[in-house]
Amino acid sequence: MTVVTSPDPQMQLMSMVLTMQTAQQGADAHILLCGPAGDIALHNAPASAIAGQPPREMSPRGLMQMIREKTGATVEVCAIYLPGRGEDASILLDGIGVAKPDQMAAKLMAPDARLKGVLALGSIAGRRPIVACTAFSTTSL
């Protein structure tokens, strides 16, 4: 599972790069977009979500879509993302759902789930908060 919360397009893109790499190595990809990262999933996404980033000029949304197409990954926004915007699921790209906290917790707590790695990107206290958290878990060993 990859959880993306960062407003920074480079952090969002790096989370997608790591998700693609883990999927290519056998992990089941599930992307959860929270906070500002949820904007990647919007029909009318901000320019930062669709603008190409160096070095390959890929956008966070472009790579997310590629992951969905190539791996069958599930992509969802956090349960509180849409209510926080005062919107409903009609503003999301086709095929992107809204996560259910009880189901997400069950996946993380499943007896055969195994944590594969964690990446937390942030900064020193007093500056920006943690801007991205990417966790990879799989039920296949």
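The legends below describe close-up views of a predicted model. Local features need pLDDT of at least 70 and side-chain atom pairs count only at pLDDT 80 or more, while totals for chains, interfaces and linings use all residues. Residues are numbered from 1 along each chain as its sequence is written, and side-chain values use heavy atoms, with hydrogens and water left out.

**View 1. The open sheet of four strands.** The strand order is S1-S2-S3-S4, with parallel pairing. Strands S1 (2–4) and S4 (97–98) are the edge strands, and each pairs on one side only. Strands (E, at least two residues) and helices (H or I, at least four) are DSSP runs, numbered from the N terminus. Two strands pair if DSSP finds at least two bridges between them.

**View 2. Strands S1 and S2 with helix H1.** Three bridges join S1 and S2 in the parallel sense, and valine 4 stands opposite leucine 33 in S2. From S1 the chain passes through H1 to S2 in a right-handed β-α-β crossover. Right-handed means that, with the strands pointing away from the viewer, the path from the first strand over the helix to the second runs clockwise. H1 lies across S1 and S2 and runs at about 175° to S1. Axes are lines fitted to C-alpha atoms, for helices over the stretch in contact (heavy atoms within 4.5 Å). Angles run from 0 to 180 degrees between N-to-C directions.

**View 3. Threonine 19 in helix H1.** Threonine 19 belongs to H1, which spans residues 9–24. Its relative accessible area is 1%, so threonine 19 is buried (buried is under 20%, exposed over 50%, partly exposed in between; 1.4 Å probe, protein chains only). The side chain of threonine 19 reaches the backbone oxygen of serine 15 at 2.8 Å.

**View 4. Strand S2 between its two faces.** In a regular strand the side chains alternate between the two faces of the sheet. Both faces of S2 are covered. His30 and Leu32 are buried on one side, and Ile31 and Leu33 are buried on the other.

**View 5. Strands S2 and S3 around glutamate 76.** Strand S2 (residues 30–33) and strand S3 (residues 74–77) run parallel and are joined by four bridges. Leucine 33 has valine 77 as its bridge partner in S3, and leucine 32 stands opposite glutamate 76. Glutamate 76 is buried, with a relative accessible area of 14%. Not counting residues up to four places away in sequence, glutamate 76 touches several residues, including His30, Ile31, Ile96, Val98 and Met104.

Terms used
Polar contact = N/O pair within 3.5 Å; in protein donor to acceptor, adjacent residues only side chain to side chain.
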